[in-house]
Amino acid sequence: MDFEFTAEQQLLRDTVTEFLAARYDLEKSRDAARIGAGNQPEIWRGLAEEVGILGASLPESVGGFDGGPIETMLIAEALGGALVLEPFIDTAVLGGGLLRRAGGDTAEELLRGIVDGSVITAFAALEAGSGYDLRRITTTARRDGDDWVLDGTKTTVTSAPLATHLLVTARTEQPGLSLFVVLADAAGLTRHSYRTIDERRAADLVLEGVRLPATALLGGEGAADDSLDRAVDEAIAAIAAESVGAMRRVLTETVEYSKQRRQFGVPIGSFQVLQHRMVDMHLELEQATAAMYLVTLKLDAEPRERARAAAAAKVTVARAAAFIGQHAVQLHGAMGMTEELAIGHFFKRLTAVQYEWGSADQHLTRYAALTRPEGIAG
């Protein structure tokens, strides 16, 4: 595929890459994950103020640069190559997309906060037993005078411990899902925080009589379904780009290691069987890259076509992440799983991305349903 970028897009990618190379230290970020708050506030401020990428795909009316899916792809790929922990996808992609489509004064104020780095969002959508299905929820929102009162639980809400605002799905009297913005320190909200396998932060949420003003409802009552589907597909595309960046870094480091590590007096990279293994890793990376391009270009297509591309990208990238991550560790030997080498940390992230917003099996089923002619039952 001949995929040409504009001069502005090339500059964006180079700027982000150079900023991360100069400012983002892997060891320091892992310390922040293990014993710190889980992120580096100075890096987040730098991404907002020095590089300006938090508003890259947001409207100029809120201080953004009015970019699109390609700009988001380039940023996410660069962040993946540096294994950045900061919640760019949860905030700028998921949060930004949901707020942009909801519209209104509350959404516009939060979008301005995302652009300047003062707002971090987390999307609280999934519940125990819901799997990947956004609509299998029991969280409710009822009117009480001019206010809303929320009750329910949410599970595995990534970036929730870091968030200033939570975007919570709930059912009201109207059919369909509604979306509410909840302050992270709202009365009646309990967060059970933990560190995930890939060293990020997440939380399970309990909402007990959380009282919200009328302005906390984003968009119309029961009108969030289409926006939620679009936002998750955008997140899948961004995760695909992040994964490609991580896999490209892993493959590069594995090839370099094979040239340095010697066995029987020669570099292990001279062994034909290992050369074949690395070629297979390269082929998986190329397929994942093609899937990344496809879903990025299809984000503005009609919903069914967009969803097919997202499902295909999820399956292709998950397979490549497993293959490249596992073989990179094997080619590094026991050192591949040590804290000292970056490979072990990348392996954890490449394992986790296989299950974010649905597993490969779930999206394979989704793809099959979407390719079936309409009107034919499964």
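1. A cavity, on a 1 Å grid over the protein atoms alone, is a set of points where a 1.4 Å probe fits but cannot get out; lining residues have an atom within 4 Å of a point. In the largest cavity here, the lining is made of Ile236, Ile239, Ala240, Ala313, Lys314, Val317, Ala318 and Val353.

2. Some ground rules. This is a predicted model, in which local features need pLDDT of at least 70 and side-chain atom pairs count only at pLDDT 80 or more, while totals for chains, interfaces and linings use all residues. Residues are numbered from 1 along each chain as its sequence is written, and side-chain values use heavy atoms, with hydrogens and water left out.

3. The search of the whole structure gives two cavities of 30 Å³ or more. The largest holds about 50 Å³ of space. A volume is the space filled by probe spheres set on the grid points, which are joined across faces, edges and corners. Helices H7 (225–260) and H9 (303–332) each supply at least two of the lining residues. H9 has the largest share, four residues. Helices (H or I, at least four residues) and strands (E, at least two) are DSSP runs, numbered from the N terminus.

4. What classes of residue line the largest cavity? Seven are nonpolar, none is polar and one is charged. Here Ala, Val, Leu, Ile, Met, Phe, Trp, Tyr, Cys and Pro count as nonpolar, Asp, Glu, Lys and Arg as charged, and the others, Gly among them, as polar.

5. The second largest cavity has about 30 Å³. Its lining includes Ile53, Leu54, Ser57, Thr72 and Phe88. Helix H4 (69–81) and helix H5 (88–102) each bring at least two residues to this lining. H5 gives the most, with three. By class, the lining has seven nonpolar, two polar and no charged residues.

6. The largest pocket has a volume of about 740 Å³. Its lining counts 40 residues, and the closest to its centre are Thr156, Thr158, Arg349, Glu356 and Trp357. H4, H5, strand S3 (147–158), H7 and helix H10 (342–352) each give two or more residues to this lining. A pocket is an open set of points with protein on both sides within 12 Å along at least five of seven lines. The lining divides into 19 nonpolar, twelve polar and nine charged residues.

7. A record covers part of the chain. UniProt, in an unreviewed entry, lists residues 237–363 as "domain: Acyl-CoA dehydrogenase/oxidase C-terminal"; such annotations may be inferred rather than shown by experiment. In the model, this span is 75% helix and 3% strand, and its end C-alpha atoms lie 13 Å apart.

8. There are two aromatic pairs (rings of Phe, Tyr and Trp, its six-membered ring, with centres within 6.5 Å). One of them joins Trp148 and Phe180 edge-to-face (planes over 60 degrees apart), at 5.2 Å centre to centre and 65° between the planes. Trp148 lies in strand S3 and Phe180 in strand S5 (residues 177–183), so the pair ties together parts that are 32 residues apart in sequence.

9. Finally, a hairpin. Strands S6 (residues 189–195) and S7 (residues 201–212) pair in the antiparallel sense over seven bridges; pairing needs at least two bridges found by DSSP. Arg191 stands opposite Leu205 in S7. Five residues lie between S6 and S7, and Glu199 in the turn has a positive phi of about 70°.

Notes: Rings of Phe, Tyr and Trp (its six-membered ring) pair if their centres lie within 6.5 Å; planes under 30 degrees apart count as stacked, over 60 as edge-to-face and the rest as tilted.
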